[in-house]
Amino acid sequence: MERNVILIGYMGAGKTSVGQCLAQCLEKRLVDTDQLIEEKAGMEISRIFAELGEGEFRKLEVEVLNELMDQTETVVISTGGGLPLRPENREHLKRLGEVVYLQVRPETVLKRLQGDTTRPLLRCSCVEERVNQMILERGPIYEQAADQTVSTDGKTPKEIAEEIQQNMTVQDGKAGENK
Ligand code: S3P
C-alpha cells in the first residue's frame, strides 16, 4: 500500500476497531486523531469539551490534521466523527490518502454506544433524536469527503477491513488500465 488510509464516519461506526484490523493486515501503524488531541491537550476529550469548549476541540482537530500532513510514514488514520465537517479538513483528508467512509445506521450506533460516557455530544436525554439528526445532517458530508463508502451494520471489523482492501484493489486496477 502506497497511500495512507483514512477512516471517517459517525461515532460508533467502528473507525477504531476497523482501523486496528486494517493496520494489522497492512502492517502499518494506526494513528487516531482523538488520541493525538488528548496527548496534545494533556486531557481526555470529555474534559476538553467541558473545560475548553467544543470550539477549542475543533481547533485542535485542525492542528493535528495539519501535523499529519507533514509526516512521511504511510499509516492508517482513524478520525474523530466531526473532523470532516470543516471544508478545509476535507481537502486535507483527500490530500492525505484514500478516504473511507464507514457508514452506520442510527440503531447500530445506539446499540454500540449504550452506556458510553466518553462522547460529550451524546450526553443528553434525547440521545436517539440527536443521533438520528446528526447522521442525517452529516451523511452527505461524509459521502462528499470519501473515496469509498462501506456500510458497517452487521459486519465484523475484519469483514469491513477486507472490504476496504478489495475496493482499493479494484480502484488501483482501474487506475492502472487508464494509464
Ligand atoms: C465527535 C466524535 C468523537 C470525538 C468527539 C466529537 C463528533 O470521536 O472526536 O467526541 O463530533 O462526532 P469518535 O467518532 O471516535 O467517537
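Here is a short chat about a ligand and some aromatic rings in a predicted model.

Biologist: How many residues surround the ligand, by class?

Modeller: In total, 13 residues surround it, and the closest include Lys15 and Asp34. Sorted by class, that shell has three polar, five nonpolar and five charged residues.

Biologist: How much of the ligand's accessible area does the protein cover?

Modeller: Let's start with some contacts. On its own the ligand has 390 Å² of accessible area, and the protein covers 95% of that.

Biologist: Which kind of pair do Phe49 and Phe57 make: stacked, edge-to-face or tilted?

Modeller: A search of the whole structure turns up two aromatic pairs. In this one the ring centres are 4.9 Å apart and the planes sit at 40°. Stacked needs under 30 degrees and edge-to-face needs over 60, so Phe49 and Phe57 are tilted.

Biologist: Are Phe49 and Phe57 buried or exposed?

Modeller: The cut-off for buried is under 20% relative accessible area. Phe49 comes in at 15% and Phe57 at 4%, so both residues are buried.

Biologist: What about Tyr101 and Tyr142, what kind of pair are they?

Modeller: Their ring centres are 5.1 Å apart. Their planes are at 35°, so this pair is tilted.

Notes:
Residues numbered from 1 in each chain as written. Predicted model: local features only at pLDDT ≥ 70, side-chain atom pairs only at ≥ 80, totals over all residues. Heavy atoms only, no water. Near = heavy atom within 4 Å. Areas by Shrake-Rupley, 256 points an atom, 1.4 Å probe, with all protein chains shown as cover. Nonpolar A, V, L, I, M, F, W, Y, C, P; charged D, E, K, R; others polar. Phe/Tyr/Trp six-rings, centres within 6.5 Å; stacked < 30°, edge-to-face > 60°. Buried < 20%, exposed > 50% of the residue type's maximum accessible area, 1.4 Å probe, protein only.
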